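Below are some notes for a colleague who is looking over this model. They are set out as numbered points, each on one part of the structure.

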Amino acid sequence: MHGVHGRALVVDLASGTAQPFPIPDDVFRRVLGGTGLATWLLLRFAPPRVDPQSPANPFVLATGPFIGTGLTTSSKLAIATTSPQTGFIGDSLTSSYFALVLRRTGFDALVLLGQAPDWSVLLVEDDRVSLRPAHDLLGLDPEETAGRLRAEFGRDLRVAAIGRAGERLVRFAAVVNDGRLAGRTGPGAVLGTKRLKAIAIRGTGRFPPVADPAAVARAARRLAERSLGPETAKYRELGTVANLVFFSRLGVLPTRNFAAGSFPAAETLAGERLATAHRADRQACAACTVGCEHHFRTTDDGPATTVRLEYESLFALGSLCGIDDPNVVLRAAALCDRYGMDAISAGGTVAWAMECVERGIALPGDPAEWPRFGDGRSLLRTLEAIGERRSPLGDLLAEGSRRAADIVGQGSHAWAMHVKGLELPGYHPRKLRAMALGFAVTPRGACHNRTSAYEIDFSERAGDEVDRIALATARSEDRSAVLDALPLCKFLRHCFDDFFAEAAELLRLVTGLAESAEELRTAGERIVTLKKLFNLRQGWTRADDTLPERLLGPDGIDPAELEALVAAYYRIRGWTPDGLVPITRLHELGIDPLLVPTTSGC
Amino acid sequence: MARDTSMLSVEFYGLPALLAGRRRVEATAPTLRALVQVLAERFPALLGTVIDPSEGWLNRGYVFVVDGRFTRDPETELRPGTEVLLVAAQAGGVR
């Protein structure tokens with residue numbers, strides 16, 4: 001098979017040694033690569049019911065066949081591990097050079113097992129690995145860490161690092177490479193558990209040859225041209241921050257910990273206003289022609305700060321916390337980057353604490369230090385406390401909203417806005433039935449990236465009957481899984497007339513696999529089902545596929561309707577009414593050959 | 001000042017707002033297709049990026065919300081007082 005190396009490098013962190021691990025072509029045919037490959041490797045190497053914070057929890061970094069082919073937006077790295085937030089699969093994507101360099105080591109993936117004897121940097125140079133002591137790097141932010149290592153080992157080295165939040169095992173700590181964060185589900189905390197401050201990679205080999213180089217080059221040119229069309233102009237010109245004021249207008253902007261769907265001060269945080277008053281520059285990931293990454297600068301009297309801002313960080317650190325000052329939001333986003341924390345979970349957890357304070361529920365520590373809705377200084381102070389796990393309050397909130405509510409009690413679970421332990425992104429499900437379903441059932445918890453179900457709500461299909469909404473939601477998940485596996489950026493999805501057919505043709509040109517559109521769609525469903533199988537092994541139950549209490553009722557979705565949607569989704573997936581995956585369904589999807597019994601219990 | 005109820009309220013969000021240089025305008029048009037013509041004449045900056053001049057219709061990736069309902073049907077009838085939002089489909093899509 002073309003387009004892949006056919007092997008992973010499995011690293012034993014305890015000894016600092018590594019062994020190649022063959023990956024049969026059949027695995028790539030069934031799960032493609034990227035998130036699909038990472039999920040398969042996680043299932044293969046994780047013991048059942050693995051504790052996310054134990055050395056036995058594998059940490060997988062995987063590439064996909066499109067990386068290095070010249071196909072625009074394909075330089076994406078997939079990470080899979082067991083999430084310290086959810087206890088289920090934690091899969092996260094990050095972009096840019098790290099994925100390209102990993103691909104040039106001669107391996108499709110890295111699997112990190114065990115725990116380093118002391119704080120270390122894992123250095124991977126082609127097929128050689130070593131551990132470099134990392135005590136001199138502790139306390140540095142991810143960018144500083146990468147700078148030190150590249151100065152020491154060479155500029156061709158690429159680095160994925162954790163910040164202080166990862167060192168301190170903040171459950172929503174991110175892994176940061178090339179200025180991009182793999183933040184959702186807390187992979188940075190897993191690296192912290194493994195005592196890895198960073199992974200530094202140098203790959204000097206070639207990308208695996210593609211099946212039809214001339215045709216791939218032509219296809220890459222065509223895709224690049226399409227990526228510069230009107231379908232992606234919004235990402236280039238304004239970025240995702242444009243969503244905020246529109247969402248507020250529609251009543252779906254999470255505000256003050258989801259107590260409301262509109263923010264009276266939305267115009268002060270409007271993307272259009274940020275673009276005119278705060279814009280600094282625009283950047284692109286490696287091998288990307290879209291260039292969606294917009295940087296904004298502060299304009300107040302404080303220290304000058306420039307930071308990347310997306311809609312998700314804007315809502316989570318803005319309206320969700322009742323903050324209407326764009327300078328505060330920019331400083332908060334910069335803090336999350338510096339500490340290496342997922343901004344959605346950080347904002348969601350602080351918003352939970354703000355509501356506790358508003359309701360008169362005591363938090364640990366000095367009441368003068370507690371965060372309050374609309375109080376920018378308290379937001380910034382609390383984020384620092386979390387990133388450092390400083391003070392009893394910071395230590396509590398570093399656990400995320402679900403565990404913090406476990407500890408504080410007093411009914412505070414009612415406003416802990418998470419699914420499976422993962423805080424909700426910026427879509428208030430009050431008017432979004434498909435998104436409500438997507439949040440409830442997606443294996444990694446409340447997520448807008450593993451399902452683009454909001455597209456159904458924001459279309460003429462919004463009023464469809466339950467079965468059609470559930471079917472469209474499942475197909476949206478399948479498409480996202482394929483995009484994450486090839487990989488291609490989701491911002492390209494509107495550039496295709498028939499995504500599965502056109503992506504299948506690209507796959508044929510790269511790998512030689514002659515998959516039909518439906519077979520490629522099935523690969524997406526297979527990947528979603530593999531994630532589900534991992535969750536089942538971790539103890540998933542039907543009760544996990546739900547929404548926070550606040551959203552079940554007039555302020556969200558009718559519980560009976562959500563039940564009907566979930567039941568329809570299970571039927572469409574071929575699962576039992578309890579959400580279990582029958583053996584017959586594994587056969588139908590061609591998953592059973594992937595589930596090889598191993599000594600690790602897979 | 002009271003709003004003229006014989007007019008449509010048209011609101012721009014995201015890139016259309018940036019290009020038009022405003023959030024809200026009033027207009028008269030019997031259908032969305034006619035409204036697109038009106039907007040093209042009043043805001044030439046929308047041509048190319050938001051409106052396809054050759055088709056006289058929205059480019060793929062842009063959508064109207066008419067009284068709370070997402071649509072790309074150019075024959076959608078508009079009545080005085082109708083609220084129309086024009087937005088880039090980054091907040092979703094119709095495909």
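Which residue with a positive phi follows α13(A)?

1. The residue after the helix is A:G360, with a positive phi near 80°. Please bear in mind that this is a predicted model, in which local features need pLDDT of at least 70 and side-chain atom pairs count only at pLDDT 80 or more, whereas totals for chains, interfaces and linings use all residues. Residues are numbered from 1 along each chain as its sequence is written, while chains are lettered from A and ligands numbered from 1 in the order in which they are written.

2. Helix α13 of chain A covers residues 343-358 and spans 22 Å from its first C-alpha to its last, close to the expected 22 Å, the expectation being 1.5 Å times one less than the number of residues. Helices here are DSSP runs of H or I with at least four residues, and strands are runs of E with at least two, numbered from the N terminus. Of the 16 residues in α13(A), 14 are buried, that is, they have 20 or more other C-beta atoms within 10 Å of their own, with C-beta atoms placed from the backbone.

3. The assignment for chain A lists domain 1 (7-202), domain 2 (239-422) and domain 3 (428-594), with bounds that come from an automatic or database domain assignment. The centres of domain 1 and domain 2 of chain A, taken over C-alpha atoms, are 27 Å apart. Between these two domains, 32 residues of domain 1 are in contact with 25 residues of domain 2, contact being C-beta atoms, placed from the backbone, that lie within 7 Å. On the domain 1 side, α3 (97-103) and α5 (164-167) of chain A are the elements that give two or more residues, and α5(A) gives the most, with three residues.

4. Between the chains, 25 residues of chain A are in contact with 21 residues of chain B. The elements that give two or more residues to the chain A side are α8 (233-237), α9 (243-250), α10 (271-277) and α18 (454-457) of chain A, and α9(A) gives the most, with five residues.

5. Chain B has an open sheet of five strands in the order β2-β1-β7-β5-β6, with mixed pairing, where two strands pair if DSSP finds at least two bridges between them. The edge strands are β2 (24-27) and β6 (69-71) of chain B, each pairing on one side only. Strand β5 (residues 62-66) of chain B pairs with β6(B) in the antiparallel sense over three bridges, and B:V65 stands opposite B:F70 in β6(B).

Conventions
A residue is buried if 20 or more other C-beta atoms lie within 10 Å of its own, exposed if 12 or fewer, and partly exposed in between; C-beta atoms are placed from the backbone.
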